[in-house]
Amino acid sequence: MPAPENRFKTRLAKGEMLYGCWAGFADSYATEVLATADFDWLVIDGEHAPNDLRSIMAQLQVLEGRHSAPVVRLAHGADWAIKQVLDTGAQTLLIPMVESADQARDLVRATRYPPQGIRGSGAALARASHFSAIPDYIGTANAQICLLVQVETRAGIAALDDILKVEGVDGVFIGPSDLAADMGHAGDSSAPEVQEAIKDALARIKASGKAPGILALDHSTAQTYRDWGAQFLAVGIDVVMLAKAARDTMARWRDD
């Protein structure tokens, strides 16, 4: 029995347009609710949300068998952190602040078992192998790993063409807010200079044969990014959705 098929990776490889949402509550109950909307993918955020290994695992559990594929974003690309989250059952990782091809190659190696990489082979006791119920997990897991790297600084943009040549990187996600901040626009990704950089980056990623991704919270901007070539497009953040709905509801009553 091989490792489970990574449906997100398969769909990316087919060129399908995939719409996603950020899961920022760091709670499996909220993520399960979010999954009822049938987003194609959900980011379990370990960078800016208060997730830990156990809360990430709990969210992977409630998403198993759902239409919404889990994408786990770690706070960093340390090989020990990658090893742990893969062992909990994650198959798609999003790693922030990638600025060089060497860094991308190190991430690929961290996600693969030898000889292609350095992932520790403790799968016998891991949820990823269904606790040894998948006897050939170690021999088949590499093919189902999907690695997405975030490019979100001027250094990352400068190194983009080299990053795109790294085998094992499946997609590149442009971080618009961090990129804008690094370009001197205090997180304002609507600045013309930032928009031009995003448009150029998405085009280069698409031309390379890898999947381009990005986040946009308003419909018009998301449509623009889709037109520029984004293939895996995040169109919402659950925390922001709740906050907006709550504030709008109270504002209606306050003004009534």
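The questions and answers below walk through a predicted model. Residues are numbered from 1 along each chain as its sequence is written, and side-chain values use heavy atoms, with hydrogens and water left out. Local features need pLDDT of at least 70 and side-chain atom pairs count only at pLDDT 80 or more, while totals for chains, interfaces and linings use all residues.

Q: How many disulfides does the structure hold?
A: A disulfide is a pair of cysteine sulfur atoms within 2.5 Å. For Cys 21, the nearest cysteine sulfur is that of Cys 146, and it is 18 Å away. Cys 146 is likewise in no disulfide, and the number of disulfides in the structure is 0.

Q: Is Cys 21 buried or exposed?
A: Residues count as buried under 20% relative accessible area, as exposed over 50% and as partly exposed in between, with a 1.4 Å probe and protein chains only. Because its relative accessibility is 0%, Cys 21 counts as buried.

Q: Which strand pairs with β8 through 4 bridges?
A: Strands are DSSP runs of E with at least two residues, helices are runs of H or I with at least four, both numbered from the N terminus, and two strands pair if DSSP finds at least two bridges between them. Strand β7 (residues 211–215) runs parallel to β8 and is joined to β8 by 3 bridges, with Ile 214 opposite Leu 233. The strand joined to β8 by 4 bridges, also running parallel, is β1 (residues 18–23).

Q: How many of the 6 residues of strand β8 are buried?
A: Strand β8 spans residues 232–237 and is mostly covered. Its buried residues number 5.

Q: Which residues touch the most other members of the largest nonpolar core?
A: A nonpolar core is a set of buried Ala, Val, Leu, Ile, Met, Phe, Trp, Tyr and Cys residues joined through side-chain atoms within 4.5 Å. The largest one has 55 residues, and its largest share, 6 residues, comes from helix α10 (residues 192–208). The members that touch the most others are Val 72, Val 172 and Ile 174.

Q: What backbone nitrogen lies 3.4 Å from a polar atom of the side chain of Asp 45?
A: Asp 45 lies in strand β2 (residues 41–45) and is buried, with a relative accessible area of 3%. Leaving aside neighbours within four places in sequence, Asp 45 is in contact (heavy atoms within 4.5 Å) with Trp 22, Ala 23, Asn 51 and Arg 73. The backbone nitrogen at 3.4 Å from its side chain belongs to His 48.

Technical notes
A polar contact is a pair of N or O atoms within 3.5 Å; within protein, one must be able to donate a hydrogen and the other to accept it, and residues adjacent in sequence count only if both atoms are side-chain atoms.
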